[in-house]
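Q: Please take a close look at one helix of this structure, including how it ends. Then set that part beside the other local features that can be described for the two chains.

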Amino acid sequence: MLEKIYENVIKGNIAGVTEGIQEALAANQDPSTILKQGMIAAMEEVGRRFENEECYIPEMLIAARAMQSGLSILRPRLIQANIEPIGKVVMGTVKGDLHDIGKNLVGMMLEGVGFEIVDVGTSVAAAQFIEAIETHQPKFVGMSALLTTTMPEIGTTIKEFQKAGVRDQIIVMIGGAPIDQKFADEVGADLYAPDAAAAANKTKMLL
Amino acid sequence: MNHRERVQTALAHEEPDRCPMQISFTPEFADRLRAQLNTSGNLHNPHGGGNTYAIERALNQDMLLTSVGWANSYYATDADTYTDEWQIDWQNIEYQTKYGPGHYTEMVGHPLAEDAAIDSYQAPNPHRPELYTEAAEVIRQFKKDYWIVGVTVTTMFETAWALRGYEQTLVDLALNPDYVERLFDIPLNYHMTAAQKLVELGVDMIWIGDDVGSQNRMLISPATWRRFFKSRMATFIATLKSINPQIKVAYHSDGMIEPIIPDLIEIGLDVLNPIQPKSMDPQQIKSKYGDALCFWGSIDEQHTLPFGTPEDVRNEIIARLKTIGKNGGLIIGPTHHVQLDTPLENFMAMVETIANTPYSAL
């Protein structure tokens, strides 16, 4: 049954994942085991394949959607069993930037390895990020920018975090096409990753 | 050597007097240039539709672009929101730079978001004569001196994702192949008709394009590209060359697309744009594929132009001329429209270095 869930997450087969989870729950399988061995293991495998260029964004996207769909069924059972996400991440694209496919993929891959995602959307001003930090108390805040004209907004937002006194309570992770480690160091971000699979791995290592 | 001869020579894999230059820019950057160059003009279309070419000519550029197709929906108006003739909804979104605020036009509504919408969707008509009056005028006025490029970029994939939504189109590529075939054919047929008409009118080159590269790898697998894109592009190129065997075809994709370059050569591509240097090493690309392909672009727009110094810009141009530009085969320019964050000194350093560096001085 867990194998069925695992295989169907990788294939992006939502109906197969749903069926597998229902069967596993009906057979009194532990929801935490379903999550870890069926779904998280599958998304880790998708991440591995992505990093090895055995799969690309469409395949990653459909696996992540199947995972999300499975999670919506499993979530009430996880809550009942007091199983918490491994960490919480607030994420959005910075002000002026509406390009969200990268941010969405990172969110999906993080969710895939067990994080809870609070997606604050696109073109998010510093004040909105700060409000989300205060409301949701995440350990991580992820920001992305696709464009050279909007990437300076990442530095501006981090400065606003300092002014608001929330910078030290969070780990700031950033990404986007023109971003590199040098830029991350310059603006004082804690973590940079070049793609969604790497972001999930690196974030998990910081727990 | 006039502009036109310069491009012809480069595309024949020979060194002209200097490397040909093509530079596009966003509307706000065009405003800054107009003030600097004391030229006039209307809302600037970076893809080349509806422009006066006053800036391009004042800068001593060698190619003039004239565009027919969905790409003209970018920067179509100054309005906060608008719907284009493909029924795609757009929003103007502001960003700040040290040179003042700029705007991008971004897609926010997609007419084919629902699966069934494709059944009743009516694409615009590419046969309307008024679509081609500007191209005819550009050819009449400038072809004697300039290399004229008919632009039909966003040829299938990018217009398809504008119609359907980006994420959903990527999902469709993995899950709904039959739907993707239907979806791609909508913009493909439109741009095919437009490109044919532009070739019949007398443009020298057709520029097609669809972004299939990300910063350091392809967005989709080479196998997916071969399944959905390759034969369509092959037919597109062959059709244009059957109308005019001398026509050159250029293709644009951002990012890293090296795995499909041999395929592009196989289907008859002449020119590859833009060779983003942070994604693909221009020198290596030249040494591997330079005998079969010409290149257009190669000046870094992710760091050097916006964040480097004029000296960095000059050094990069000289390096490119000596490598990817060696023995001709290059039309040099930035890898995207120059953005408002670029200092004018960097921009002018680029233009002057290109204009004042003859091949004989390298």
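A: A helix here is a DSSP run of H or I with at least four residues, and helices are numbered from the N terminus. The model is predicted, and the description below should be read accordingly.

Just after H7(A), Gly165(A) takes a positive phi of about 75 degrees. Within H7(A), the buried residues are Pro152(A), Glu153(A), Ile154(A), Thr157(A), Ile158(A) and Phe161(A).

Elsewhere in chain A, a pair of helices can be described by its geometry. The axes of H5(A) and H9(A), the latter covering residues 196–205, come within 8 Å and cross at roughly 45 degrees. The two helices are therefore oblique to each other, and H5(A) passes H9(A) in a right-handed crossing. On the H5(A) side, the contact is made by Leu105(A), Val106(A), Met109(A), Leu110(A) and Gly112(A). On the H9(A) side, Ala196(A), Ala197(A), Ala199(A), Ala200(A) and Thr203(A) take part. By class, the residues of this contact are eight nonpolar, two polar and no charged.

Chain B has a helix pair of its own to consider. The axes of H7(B), residues 177–201, and H8(B), residues 222–243, come within 10 Å and cross at roughly 15 degrees. That crossing angle makes H7(B) roughly parallel to H8(B), because angles under 35 degrees are counted in that way. H7(B) passes H8(B) in a right-handed crossing. From H7(B), the residues that meet H8(B) are Val180(B), Phe184(B), Leu188(B), Met192(B), Ala195(B), Gln196(B), Val199(B) and Glu200(B). They meet Phe228(B), Arg232(B), Phe236(B), Thr239(B), Leu240(B) and Ile243(B) of H8(B). The contact divides into ten nonpolar, two polar and two charged residues.

Ser231(B) is also found in H8(B). Ser231(B) is exposed, since 11 other C-beta atoms lie within 10 Å and a residue counts as exposed at 12 or fewer. Ser231(B) and Asp17(B) are 214 residues apart in sequence and, C-alpha to C-alpha, 38 Å apart in space.

Asp210(B) lies in the loop between strand E6 (205–209) and H8 of chain B. Asp210(B) counts as buried because it has 24 C-beta neighbours inside 10 Å, and the threshold is 20 or more. Leaving aside residues up to four places away in sequence, Asp210(B) touches Thr154(B), Thr155(B), Met156(B), Phe157(B), Glu158(B) and Ser253(B). For Asp210(B) and Met156(B), a separation of 54 residues in sequence goes with a C-alpha to C-alpha distance of 6.8 Å.

Some backbone details of the loops of chain B complete the account. Asn38(B) has a phi near 60 degrees, a positive value in a residue other than glycine. Asn38(B) lies in the loop between helix H2 (27–37) and helix H3 (54–58) of chain B, and counts as exposed with 9 C-beta neighbours inside 10 Å. Tyr75(B), although not a glycine, has a positive phi of about 55 degrees. The place of Tyr75(B) is the loop between strand E1 (63–67) and strand E2 (81–83) of chain B. Tyr75(B) is buried, with 23 other C-beta atoms within 10 Å. The peptide bond from Asn273(B) to Pro274(B) is cis, with omega near 0 degrees. Pro274(B) is in the loop between strand E8 (271–273) and helix H10 (282–289) of chain B.

Technical notes
Residues numbered from 1 in each chain as written. Chains lettered and ligands numbered in written order. Predicted model: local features only at pLDDT ≥ 70, side-chain atom pairs only at ≥ 80, totals over all residues. Axes fitted to C-alpha atoms, helices over the stretch in contact; angles between N-to-C directions. Parallel < 35°, antiparallel > 145°, perpendicular 65-115°, else oblique. Left-handed = near helix turned anticlockwise from the far one by under 90°. Contact = placed C-beta atoms within 7 Å. Nonpolar A, V, L, I, M, F, W, Y, C, P; charged D, E, K, R; others polar.
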